[in-house]
Amino acid sequence: MKYLAYLAIFVLFQHALSDPVSQNASTTTTISTTTTKEIHHASECELSDSSKFEQNLLERLNQFKGRNFTWEDNEHKYFLSICSQAEKASFSDEAFIQIEKSRNNRQWVLGRLNDVDLEGNGEFIRVSYKNGDKYENACNKNQRNAVFYLMCDPNKINSEFTMLEENTDRQECAYVFMLKTKDMCSKNQTTTATSTSSTTTVQANSTKVSDPTTTSTTNTNSTSTLPSKKKSKLGVLSIILIALTGLLAVYFIVGTLYMRFVNQATGWEQIPNFGFWNSIGEGSADLCNLICRCGNRRTEIHTYENINDHISDDENLLNM
């Protein structure tokens with residue numbers, strides 16, 4: 001019996017010692033699993049909503065994968081990489097980096113590859129990098145987000161990357177950028193842009209071309225590209241002047257015919273109301289003489305001799 005008691009005590013003691021070890025082992029396993037999840041870093045764009053539409057946009061976006069762009073102002077410098085690790089980044093999932101020049105080049109992650117949203121159409125793609133570092137004071141200390149628009153611009157020889165704004169006073173804070181490149185354009189858009197630029201060049205040089213066929217073709221193209229101008233409407237004064245001119249024309253034509261064929265008038269008398277118009281003409285002449293000759297109107301005094309006196313003298317001579 002004594003040995004059985006010792007055996008029971010030994011088994012209980014061993015069991016008590018084995019339980020904490022198993023608990024510590026399970027805890028260690030859980031911590032290691034959690035740590036493994038935290039240190040997982042994406043190396044390419046991972047969509048938050050993997051719809052067919054976003055998958056198609058992602059295929060188009062992947063043609064720019066690995067391209068790096070930078071933009072800076074007096075206070076910050078930004079590094080963007082499309083679906084890959086950005087310059088100055090510490091981990092593979094950091095796709096958008098901001099450096100504060102005024103704070104000893106302190107570095108912030110604006111967006112990571114493990115949560116990407118895509119929107120767009122045939123001319124642009126809107127890319128949103130999420131899960132950036134948290135704000136210190138602004139935006140309710142939420143995580144930073146970065147958005148950039150990948151735009152088609154067939155006239156851009158080199159890609160242009162610029163910042164549009166930094167939203168810190170809205171519900172969803174974000175850094176917004178625009179990336180213009182001709183590589184985003186389809187073949188039709190590139191062909192149209194090329195033909196447009198060549199047409200513009202021909203139009204600019206059309207004055208130097210002596211071939212009339214080329215000149216006429218260029219003029220036709222330039223005319224077709226210009227928007228149609230709206231016809232200017234007549235004002236009230238113009239309408240009144242046109243109406244008065246028409247009435248005067250009818251007055252003189254009808255009046256002249258009446259005076260000629262009804263009143264049998266000839267010469268200047270055929271003009272209707274000739275005396276009235278004659279007085280207007282004389283008054284205008286007097287006014288012009290007054291203005292142009294400073295009011296000194298020349299008066300010519302004509303003296304006429306009586307013709308009867310000459311006749312009487314001739315008769316006397318004949319009688320002699």
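Q: In this predicted model, in which strand is H76 found, and is H76 buried or exposed?
A: H76 is found in strand β2. Its relative accessibility is 13%. Buried means under 20% relative accessible area, so H76 counts as buried.

Q: Which residues does H76 touch, leaving out those up to four places away in sequence?
A: Residues up to four places away in sequence are not counted here. The residues that H76 then touches are W71, Q98, I99, E100 and K101.

Q: Where does K101 lie, and which side chain makes a polar contact with the side chain of K101?
A: K101 lies in the loop between β3 and β4, and is partly exposed at a relative accessible area of 32%. Beyond its neighbours within four places in sequence, K101 is in contact with E72, D73, N74, E75, H76 and K77. One of these, E72, is 29 residues apart from K101 in sequence, with 9.9 Å between the C-alpha atoms. The polar contact, at 2.6 Å, is made with the side chain of E72.

Q: Which residues have the most contacts inside the largest nonpolar core?
A: The largest nonpolar core has 35 residues. Elements giving two or more residues to this core include α2 (52-61), β3 (94-100), β4 (106-120) and β5 (124-130). Another core, of 6 residues, lies apart from it and has F79, I97, I99 and V109 among its members. In the largest core, the residues with the most contacts are L61, F96, L118 and Y129.

Q: Which residues lie nearest the centre of the second largest pocket?
A: About 150 Å³ of space lies in this pocket. Its lining has 4 nonpolar, 4 polar and 5 charged residues. Of the 13 lining residues, those nearest the centre are E100, Y135, E136, R144 and Y175.

Key. Residues numbered from 1 in each chain as written. Predicted model: local features only at pLDDT ≥ 70, side-chain atom pairs only at ≥ 80, totals over all residues. Heavy atoms only, no water. Core = buried A, V, L, I, M, F, W, Y, C linked by side-chain atoms within 4.5 Å. Buried < 20%, exposed > 50% of the residue type's maximum accessible area, 1.4 Å probe, protein only. Helix = DSSP H or I, 4+ residues; strand = E, 2+ residues; numbered from the N terminus. Contact = heavy atoms within 4.5 Å. 1 Å grid on protein atoms, 1.4 Å probe; cavity = no way out; pocket = protein on both sides within 12 Å on 5 of 7 lines; lining within 4 Å. Points joined across faces, edges and corners; volume = space filled by probe spheres on them. Nonpolar A, V, L, I, M, F, W, Y, C, P; charged D, E, K, R; others polar. Polar contact = N/O pair within 3.5 Å; in protein donor to acceptor, adjacent residues only side chain to side chain.
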